[in-house]
Amino acid sequence: MQQKIVLIGGPGTGKTTVINYLANKGFNCMPEISREVTIEAQKKGIEQLFLTKPLLFSEMLLEGRIQQHKKASELNNNIVFFDRGIPDVFAYMDYYNTDYPKIFKQKSNAFTYSKVFHFAPWKEIHTTDNERYESFEEAVKIDTFLTKAYTNLGYQLINVPFGDIEQRAHFILNSLSGE
């Protein structure tokens with residue numbers, strides 16, 4: 001049975017760096033898609049789609065993450081890693097106190113993950129850029145909404161220790177192999 005492994009945590013915690021490392025090692029990885037959605041909106045003249053039209057942005061993310069989940073199911077790989085998961089979408093909506101339809105949580109229950117690895121906020125590596133504009137303090141608050149969303153869905157979070165990219169990736173791989 002395929003293991004769908006999701007990496008969660010606030011912005012700037014090292015998830016994408018570890019996902020890229022795992023992809024370079026030959027693992028099948030589904031990238032974070034919010035940057036794609038943000039960049040596409042910027043090309044259309046909307047600087048921050050999430051801030052301008054949060055529900056539209058979140059609907060696009062939800063659909064994109066569902067498609068990633070379905071695509072992963074079609075792969076012939078025992079393990080597929082995800083840079084963020086479906087519950088992240090409503091966790092962010094909760095953080096921004098934005099109303100959303102019940103479908104967001106329903107889809108989170110319909111499309112599940114085998115294990116959830118949590119990347120805690122880490123001030124030393126946190127940076128901002130054109131798509132990641134949240135301060136470290138905001139990242140810490142977002143993290144609490146993410147962990148709450150996943151734990152409320154019944155997931156047990158596995159906390160990834162601070163360390164270099166290899167150490168963090170090896171921690172995840174060792175956890176999956178039962179070592």
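Visitor: Why does aspartate 88 count as buried?

Guide: This is a predicted model. Aspartate 88 has 1% relative accessibility. Buried means under 20%, so aspartate 88 counts as buried.

Visitor: What makes the contact of arginine 84 with aspartate 88 a salt bridge?

Guide: Their closest N and O atoms are 2.7 Å apart. The cut-off is within 4 Å, so the pair qualifies. Arginine 84 is buried, because its relative accessible area is 6% and the limit is under 20%.

Visitor: What joins Glu32, Arg65, Arg84 and Asp88 into one network?

Guide: Salt bridges that share partners join these four residues. Arginine 84 also meets glutamate 32, at 2.9 Å, N to O. Arginine 84 lies in the loop between β3 and α5, and glutamate 32 in the loop between β2 and α2, so this pair ties together parts 52 residues apart in sequence. Arginine 65 forms a salt bridge with glutamate 32, with the closest N and O atoms 2.7 Å apart. Both arginine 65 and glutamate 32 are buried.

Visitor: Why are α5 and α6 called roughly antiparallel?

Guide: They pack at an angle of about 150°, with their axes 8 Å apart. Over 145 degrees counts as roughly antiparallel, therefore the term applies to α5 and α6. Pro87, Val89 and Phe90 in α5 meet Phe104, Lys105 and Ser108 in α6. By class, that contact has four nonpolar, one polar and one charged residues.

Visitor: How do you know whether asparagine 76 is buried or exposed?

Guide: Its relative accessible area is 80%. Exposed means over 50%, so asparagine 76 is exposed. Asparagine 76 sits in the loop between α4 and β3.

Conventions:
Residues numbered from 1 in each chain as written. Predicted model: local features only at pLDDT ≥ 70, side-chain atom pairs only at ≥ 80, totals over all residues. Heavy atoms only, no water. Helix = DSSP H or I, 4+ residues; strand = E, 2+ residues; numbered from the N terminus. Buried < 20%, exposed > 50% of the residue type's maximum accessible area, 1.4 Å probe, protein only. Axes fitted to C-alpha atoms, helices over the stretch in contact; angles between N-to-C directions. Parallel < 35°, antiparallel > 145°, perpendicular 65-115°, else oblique. Contact = heavy atoms within 4.5 Å. Nonpolar A, V, L, I, M, F, W, Y, C, P; charged D, E, K, R; others polar. Salt bridge = Lys/Arg side-chain N within 4 Å of Asp/Glu carboxyl O.
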